[in-house]
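Visitor: Before we look at this model, could you show me how to read charged side chains and their exposure?

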Amino acid sequence: MRYSTALAGDPAATYRQIDLAGRTSTSDPHRLVDLLYEEGISALRTAAWAAEHRNFAVKSERVARAVAVLFALEAGLDFDRGGDVARTLGAFYHGLRQQVLQASLGTDPRPFGEAAESLAEIAGAWSSVRAAG
């Protein structure tokens with residue numbers, strides 16, 4: 001007997017939802033930022049792969065995911081307490097989002113890879129700051 005769920009048709013999606021729920025349910029806000037960086041980088045790298053292999057459905061889904069992550073990162077900034085750093089990151093996330101959206105109109109995988117590397121660089125700096133603090 002098979003139980004009906006909203007994700008029964010896609011076991012991989014079910015696993016990802018359960019994994020994400022488990023990783024975020026007890027996480028502190030700093031760990032959630034780490035998870036957003038991981039998800040954003042992964043989405044951008046997969047979008048690059050999908051563009052290269054002409055898998056436009058996957059590219060579209062991953063671009064949407066990357067844009068959502070960039071919005072979430074920007075929305076999480078505290079401009080009152082973060083000062084210039086928060087404003088700089090806000091501008092970075094906004095610019096990266098525009099780059100990704102512009103790249104989504106074409107078939108060149110390079111802009112997605114470049115965006116992933118830029119986000120990975122910021123994620124690395126975030127990790128360094130957390131480790132030092």
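Guide: Arg110 is exposed, with a relative accessible area of 58%, where exposed means over 50%, buried under 20% and partly exposed in between, for a 1.4 Å probe and protein chains only. The model is predicted, so local features need pLDDT of at least 70 and side-chain atom pairs count only at pLDDT 80 or more, while totals for chains, interfaces and linings use all residues. Residues are numbered from 1 along each chain as its sequence is written, and side-chain values use heavy atoms, with hydrogens and water left out.

Visitor: Is Arg62 buried or exposed?

Guide: Arg62 counts as buried, at 14% relative accessibility, and its side chain meets that of Glu61 in a salt bridge of 2.7 Å, N to O, although Glu61 is partly exposed at 43%.

Visitor: Where do Arg87 and Asp84 lie?

Guide: Both belong to helix α4, three residues apart, or about one turn of the helix, a helix being a DSSP run (H or I, at least four residues) numbered from the N terminus.

Visitor: How many salt bridges does the count come to?

Guide: The count comes to 11, and Arg31, Asp34, Glu38 and Arg130 are linked in a network of such bridges.

Definitions and conventions: Salt bridge = Lys/Arg side-chain N within 4 Å of Asp/Glu carboxyl O. Helix = DSSP H or I, 4+ residues; strand = E, 2+ residues; numbered from the N terminus.
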